[in-house]
Amino acid sequence: MRLPHLLACALICLPSLAAAADTTVSLTLGEAIRMAVEKNLDVRAELYNPAQYEADINRNRAIYDPLLTLQTGYSDSTVPSTTISATGSSSGSSYGRTFQADASLSQLFWTGATVTAGFTNAFNSTNASGSRSNYWESNLGISLSQPLLKNFGRETTDVAITVSRLSKFASIEHFNTRLLTTVTQVRNEYFKLYSLREQLQVARTSLELARKILSDTKAQVAAGVLPAMEITNAEFGVYSREKELIDVEKSVSDEVDVLRLLLQIKDAGDILTVDPPRHDPYEVNEDAALKLALSRPDIKEQRRNLEIAELQTRVYSNKVKPDLSLSASGSLVGLNHTYPRNLETLSAADNPAWSLGLTFTYPLGNNAAENDYRKSRLKTEQTAVQIRSLEEGAVNDVKSAIRGISSSYKQIAVAERGRAYAEERLRAYLRKKEVGLATNKDVLDVENDLVAAKNNQITAVVNYDNAITHLWQVTGELLERQGIRVVEDDADKLYRGTR
């Protein structure tokens, strides 16, 4: 009995599922940009990079984690005696048994110093002559190792942490660049879909006119007013426009798929653009635009890389110095047959021990450190040159984009005049056709010119908006104009959410 029920449910649900698949989504430009920022796969993938650098930062901070070491062991040895008795035989063998339990805690400090506190305990049992047979020995001490020249200071000690932090900042700027590219692409594709839909409407209007001309021509041929050849011309006009309409419909469908992928829209059957492109005059302050361009995300990313290179150069410069280390230690010693009495002698501080010393090492020639430093200097200078190249390229991009806006705006006026002339020309040819002074081919050719003029006008308006978008992209202000701001915590949330 359940199978018919399931079939009935499936039949009831099918129409609703089909309707869902054919849902048309109307999107404003702002909604499209928001969806891309939140859902675009390339954008989401790029955010993982600063999150990974956050993991590197915390990993490198682990150098300051105290290191606890616990160790225990037991050894047992028997050694033949080398002593000969009066009778000439060996006097036996000696044995030694040791049980050991040690603990230590070491800590690295920002100066590069390592301090270690240790507590060792050993129980020794032996029958060797001249030695205690069964006794406990403990040692409580602290030791310090401090570099004084090479590897001294916070900058050298924290170099891995600082590099990871600067790399994270650089990756955030790279994420901004990716976001900037994606938002630019969304705007361009959004208005491209608008343009194609407008061209689709132009193609439909053109086809309707061609069909009307064909219908009128057939009536006139039947009445003996026109020769039969005119029907062929009219039919060819309908065929060519049907082909153009099919081509534009395919382009619209392809562009819908592009936008659907870009915005990660899964269930939409069609996408309709709500906002038209702007065509009002846009004033540009060139000096302000040039100043903005020098703070573009890609340039800021390279400046972070320069900070990393300069830091590494300073660290390598420090490593060229000789290695001079200060070593100091102090301890208390306890010794007794029982462990409690052993600890008493230890706490009484009757048997202190201390040491102080310097260790100097320097590789003759020091070629490894010298060449590491030189390579780092070259890397720093290379990065500085790359920044200058980016800055000069940004200046050129801004000037070209400003010229593009001016040129595109002029093209709108030219395209509008061209459309007006084409419309008037078509009306004139239709009147001439009515009195027999123009053929169907003449009218269809003129109508083709009108279609081209209309498409030119649509393209000119879209190109003008794209030119403004391009200026905002090369100045780096597009994200701010769209109300998008990236903060470091966006990547940190991704890091914290990973377990």
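Tutor: Start with Tyr239: its relative accessibility is 48%, so it counts as partly exposed. Buried is under 20% relative accessible area, exposed is over 50%, and partly exposed lies in between (1.4 Å probe, protein chains only). This is a predicted model, where local features need pLDDT of at least 70 and side-chain atom pairs count only at pLDDT 80 or more, while totals for chains, interfaces and linings use all residues. Residues are numbered from 1 along each chain as its sequence is written, and side-chain values use heavy atoms, leaving out hydrogens and water.

The whole structure holds six aromatic pairs. Phe236 and Tyr239 make a tilted one, with 5.9 Å centre to centre and 45 degrees between the planes. Rings of Phe, Tyr and Trp (its six-membered ring) pair if their centres lie within 6.5 Å; planes under 30 degrees apart are stacked, over 60 edge-to-face, the rest tilted. Phe236 and Tyr239 sit three residues apart in helix 6, about one helical turn. Helices (H or I, at least four residues) and strands (E, at least two) are DSSP runs, numbered from the N terminus. Phe236, at 56% relative accessibility, counts as exposed.

Tyr282 and Trp472 pair edge-to-face: 6.0 Å centre to centre, 75 degrees between the planes. Tyr282 lies in the loop between strand 6 (270-273) and helix 7 (286-293), and Trp472 in helix 11 (residues 440-475), so this pair ties together parts 190 residues apart in sequence. Both Tyr282 and Trp472 are buried.

There is also an aromatic cluster, formed by Phe123, Trp136 and Tyr339.
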